[in-house]
Amino acid sequence: MERQEIIDGIVEILKTIRTIDQEKLNHVTEETDFIADLKTPSTEMINIAAKAEQKFDIEFEDEDIDDLGSKVKDIVDLIIKSKASN
Amino acid sequence: MGIQGRKVAVVGMGGVFPTCNHLEEFEHKLFSNQSLIRYWDKALAHGKNIRSHVAGFITEEEAHLKPVYSTLVEDYPETYIDLLNRIPDIHLATADIGSIWTMLGAADAIKMAGWSTSEVQSEQTGVVVGSGSCGNEIQRIAWHSFFVLGKKTRFAGGHNVDRAMVYREAANLSCFIKNKGVCEAIGSACATGLGNIGYAYRLISFGLQDRVVAGGAEGTALESFLGFDGMQVLSRGFEPHESSRPFDKDRNGFVCSFGAGIVCLEAYDLAKARGANILAVIDNYFNNSDGDGDMFAPSFNGQRRLWQGLLKNIPFKPDVVKVHGTSTPTGDAIELLSVVDSLGDKGYHIAAPKSQFGHMLGAAGAVEFITALLMLKRQEVLPCLNAVNLNPEQETFQTTSTWEGSKEPLAYYRDLLQQQSFTKEINSITCLNYGFGGTNSAILISRDDQ
């Protein structure tokens with residue numbers, strides 16, 4: 001699965017989170033920071049992770065979620081890693 | 001022992017009510033003797049597994065809300081869209097239906113109160129709002145995901161706690177209006193709505209706050225309905241508009257309903273100084289417990305002590321008694337006989353608004369307090385709908401040797417209970433509410449010019 005394909009999937013998830021400014025989703029890159037750039041409430045991060053598990057048919061380890069960085073590339077890396085190990 | 005505190009005014013009211021778009025429609029329907037009770041499709045869908053099929057419910061569409069269903073848990077509304085843009089998404093994300101109604105009612109009440117932003121966001125402004133249930137709808141679906149479907153806890157999302165915690169209405173409202181004073185919820189079952197208003201009154205009277213937004217909410221939830229249906233205490237066998245029939249001899253249970261009632265209380269001197277429209281003055285609030293060890297049965301002695309506490313040092317009697325009047329067989333009889341024990345059988349009338357919209361559980365006391373404010377404003381008494389036939393025979397408990405109250409049958413007090421609203425000079429009103437656990441609450445309000 002290509003990284004851009006994963007980013008597109010993440011953007012689709014972010015579109016379902018109403019507390020994120022939807023206009024900012026037009027320019028999401030790997031360097032976009034969920035907290036600093038998208039102002040994502042911390043309580044929504046777990047929703048994003050759970051929806052990513054569902055969308056990409058994977059299961060994250062709890063430790064990986066605990067250590068997850070706040071940039072888009074961090075969750076892209078985790079999705080690729082999880083796909084390889086699942 | 002009573003403490004002479006500051007005088008407290010009611011300066012705003014708002015809420016969300018069954019079949020009504022706004023407070024004005026609620027007022028119109030009540031005083032034109034209409035019923036807000038309907039067959040409930042959600043209950044009907046379960047056929048014989050549910051005894052009662054009527055309720056005073058409010059759909060999401062009626063509140064101009066659109067649920068956003070989770071992709072992770074079936075039928076789980078993870079948030080709502082406010083189609084009228086009254087509440088920002090950040091606050092909708094942390095709110096269940098009852099909390100949303102609380103914010104909507106509070107917005108209207110604060111607007112009516114005329115409080116400035118700096119007054120609302122002051123350390124002297126508190127929030128005291130409660131509910132009778134505990135996020136039942138939110139919890140059930142999330143727990144089903146974990147316990148039955150075996151999903152990870154995170155599949156229920158990050159808002160399971162804030163949308164279901166005991167003081168969720170107060171917490172969400174406080175975040176919405178950004179007050180800096182107290183933020184709490186009082187819980188006392190079906191006395192919750194009035195209990196929160198009474199506590200708010202004390203906060204101001206005792207000088208701890210200058211303003212408090214107070215009330216109760218009970219979000220539409222079949223889960224809340226089911227518990228009472230299982231207890232066999234809900235009304236059945238009547239058409240919806242005839243189902244809630246307080247004091248009628250054929251009554252067989254209450255109608256489970258939902259809604260929210262929010263009021264703004266303010267230190268009287270402050271309200272007067274800024275020229276506020278004072279809806280009522282609170283003369284006293286009193287609450288107590290039966291003390292008889294019985295979770296459910298109403299207590300004549302408990303209610304008699306309630307009246308004594310309420311009217312202590314009060315030199316007048318109310319012109320109207322807004323009763324709890326649930327339409328349950330024993331509760332109504334004990335309540336009527338305790339009222340006449342305290343006030344006699346003449347000189348006042350009884351209003352039973354549950355006859356029109358059912359029993360809103362944790363919201364009941366607050367919404368019914370609003371009906372009292374409306375009666376005071378309009379100088380009209382609300383009816384006891386469907387109180388068609390009062391029992392001409394003594395209640396069984398009246399024939400026992402230990403009974404200390406009136407021996408007259410309920411029919412003897414027919415003149416107190418009118419089946420249509422009517423005009424009358426009303427200077428003061430008492431509101432009564434009781435709850436499981438033997439808790440009793442009463443408040444006395446008067447016109448400002450008294």
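Reader: At roughly what angle do the axes of helix α12 and helix α13 of chain B cross?

Author: This is a predicted model, in which local features need pLDDT of at least 70, side-chain atom pairs count only at pLDDT 80 or more, and totals for chains, interfaces and linings use all residues. Residues are numbered from 1 along each chain as its sequence is written, and chains are lettered from A and ligands numbered from 1 in the order in which they are written. Helices are DSSP runs of H or I, at least four residues, numbered from the N terminus. Axes are lines fitted to C-alpha atoms over the stretch in contact, with angles from 0 to 180 degrees between N-to-C directions. In chain B, α12 (residues 300-311) and α13 (residues 329-343) have axes that come within 9 Å and cross at roughly 40 degrees.

Reader: Is α12(B) parallel or oblique to α13(B)?

Author: Angles under 35 degrees count as roughly parallel, over 145 as roughly antiparallel, 65 to 115 as roughly perpendicular and the rest as oblique. The crossing angle is roughly 40 degrees. Therefore α12(B) is, relative to α13(B), oblique.

Reader: Which residues of α12(B) meet α13(B)?

Author: Contact means C-beta atoms, placed from the backbone, within 7 Å. On the α13(B) side, the partners include B:I334, B:L337 and B:D341. On the α12(B) side, they are B:F300, B:Q303, B:R304 and B:W307.

Reader: What radius of gyration does chain B have?

Author: The radius is taken over C-alpha atoms, and the globule rule is 2.2 Å times the number of residues to the power 0.38. For 450 residues, a compact globule would be near 22 Å, and chain B agrees, with 21 Å.

Key
Helices (H or I, at least four residues) and strands (E, at least two) are DSSP runs, numbered from the N terminus. Two residues are in contact if their C-beta atoms, placed from the backbone, lie within 7 Å.
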